[in-house]
Amino acid sequence: MKRIFLYVCLCCSLLVPMTSCDEGFDEMNINPVQPTALDPVYLMNRAALFSTISSTTLNYESAIVQQIVSPNGGVLAGGNFNQLNRAFSIGTWNKYYRDVLKHTTDVKRFTRDNPDRNNLYQMARILHSMAAMILTDTFGDVPYFEASLGYLEGKIDPVYDRQEDIYLDILNELQQATAALSTAARAENGDIFYGGNVDKWKKLGYSLMLRAGMRHSKVNPTRAREWVERAVAGGVMTSNEDNMAIHHDFNYTNEIGNTLNATEANNYYLAAPFEEFLKSNNDPRLGSIAVRFIGAGSGPDQNNALAGNPAAGVTLSRNPSDQMGFPMGFDNQTIGAVVTQRGLRSFYEFSQVDRTRMTARDAPIFHVTFAQTSLLLAEAALRGWTTGNAANLYAQGIRAHMEQMEEYGPTTAISENAITTYINANPLDMGNALEEIGEQYWVASFLNAYEGFANFRRTGYPALTPNPYPGKDISGDFIRRLSYPDAEFSVNNANIQAAVQRQGPDNLDTPVWWDAVGSSTASAN
């Protein structure tokens, strides 16, 4: 009887509404510690952190402008051999679309109608503009107006926009956003670039406007002058305190530093043209940048601890006179003749950027600097687009970059005496001024190869000798852009084909819009 009774009771309970059983059910299933809302400043900071310069620039941009080069092919082939390697050329595309524009787009959507977050909205517009510049400078025509709207508006196949249209909108965005920043609005203290300092964000916005305006110098000088004048009137960077930098730590690491301190530690070297330029001019920055493991016979010999042991036969040197850059045009097989000729033990003896200092895992990365801004102003003054003394601005740019070296640590700092000596010995030669300004911009943009590559194409300086490596994939002297990702031809074919039809073949030779005038004569200036 007991079993039957229980069964009947259970059946009856299933027929009776369970009003008492579901009381408080919703409340019981809420995680009290899980956030239900996200402050958009965290999305902004995620975009900022992921804007750190991609390690794939070591394969392309740094090699194209002959600052860092690898003798190895295969997965490391790229600008070192003037060859197409889409696996690395897409690094910038993935980083800036997936990790930067996606988040700045979200921040803008969350804050644009909220007056209380006005400053965050304007900051997101400025960072968005900088990321878009990097993308379009790298590839040419790219998705811009419909980019990063897949989730928000269902635009999963965005149109590729003309680079000129992108630049016009970037300039307008920078003008509007910078002007709208306000010290009267809520301070965004969580911002990792400037801690919410509105004055510094304004200087950044106008300095980016100067950079974007100068991109037009070859294709539309009238427009270039117009925007240079607006940037200067607004107020650009005035000291290294205004630099836009990411200060990494061991939780959020320098991507280039990660690469050079891990699997690729022995695979990248200072390119001879860069090392020789610094050495021939007695530039004290070489002592801050370079390291050489004299006597190294293999990768493991490039070891600081081993170099301190005389029995190992390896000497670590940061002395500028000992440095020896890796010559362009050689791979790990053909370099053997050079090694023999120079009496070296192996190619592992060539100089590298010091991965314990400038490319340490916690080393800073600089996006926009007072040094670069000063040198752009020097060029603009030389062209008559702004007031100011070109020679003084040139010297100011050199000083700013030399003083910036201290940010990498005390062993990279350059003394005041060394800075003054160099500047006094190297005044701007007005008969060769554009070239000298371009050379110094090249040095000041070291490790920001996006900007170094862009300015090299725009100005033709430094006057580099084309990489002589045989079997290149280009018909011209230098790579002019990187190719689109293969995946785009599968998922967005109609729009990418329209871009190719308009812009030119999707190869390394096709110049971007602002580079199109005189694009085949970069080495001839």
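Which residues lie nearest the centre of the second largest pocket?

Good morning. This is a predicted model, so to speak of local features we require pLDDT of at least 70, and side-chain atom pairs count only at pLDDT 80 or more, while totals for chains, interfaces and linings use all residues. Residues are numbered from 1 along each chain as its sequence is written, and side-chain values use heavy atoms, with hydrogens and water left out.

The protein chain contains 23 helices and nine strands; these are DSSP runs numbered from the N terminus, with helices being H or I of at least four residues and strands E of at least two. Along the principal axes, its C-alpha atoms fill a box of roughly 105 × 60 × 50 Å. Of its 525 residues, 55% count as buried, where buried means under 20% relative accessible area, exposed over 50%, and partly exposed in between, with a 1.4 Å probe and protein chains only.

Let me now turn to the pockets. On a 1 Å grid over the protein atoms alone, a pocket is an open set of points with protein on both sides within 12 Å along at least five of seven lines, a cavity is a set where a 1.4 Å probe fits but cannot get out, and lining residues have an atom within 4 Å of a point. Grid points are joined across faces, edges and corners, and a volume is the space filled by probe spheres set on the points.

To answer the opening question, Thr105, Lys108, Arg112, His128 and Phe145 lie nearest the centre of the second largest pocket, which is lined by 14 residues. Its space is about 320 Å³. Helices α6, α7 (118-139) and α9 (163-180) each supply at least two residues of that lining. By class, the lining has five nonpolar, two polar and seven charged residues; Ala, Val, Leu, Ile, Met, Phe, Trp, Tyr, Cys and Pro count as nonpolar, Asp, Glu, Lys and Arg as charged, and the others, Gly among them, as polar.

The largest pocket has a volume of about 580 Å³. Among its 26 lining residues, Trp93, Tyr97, Arg98, Pro158 and Glu488 lie nearest the centre. Helix α6 provides the largest share of this lining, six residues. The lining divides into 14 nonpolar, four polar and eight charged residues.

Helix α6 itself deserves attention. At 1.5 Å a residue, its 21 residues (91-111) should span 30 Å, and its end C-alpha atoms are 29 Å apart, which agrees; the expected span is 1.5 Å times one less than the number of residues. The helix bends by about 35 degrees at Tyr97, the bend being the angle between axes fitted to the seven residues ending there and the seven starting there. Because 15 of the 21 residues of α6 are buried, the helix is largely enclosed by the rest of the structure.

Finally, the cavities. The structure holds seven cavities of 30 Å³ or more. The largest cavity contains about 130 Å³ of space. Of the 15 residues lining the largest cavity, Ile134, Arg211, Arg215, Tyr450 and Glu451 are the closest to its centre. Helix α7 gives the most to this lining, with five residues. The second largest cavity has a volume of about 70 Å³, and its lining divides into seven nonpolar, six polar and no charged residues.

Thank you.
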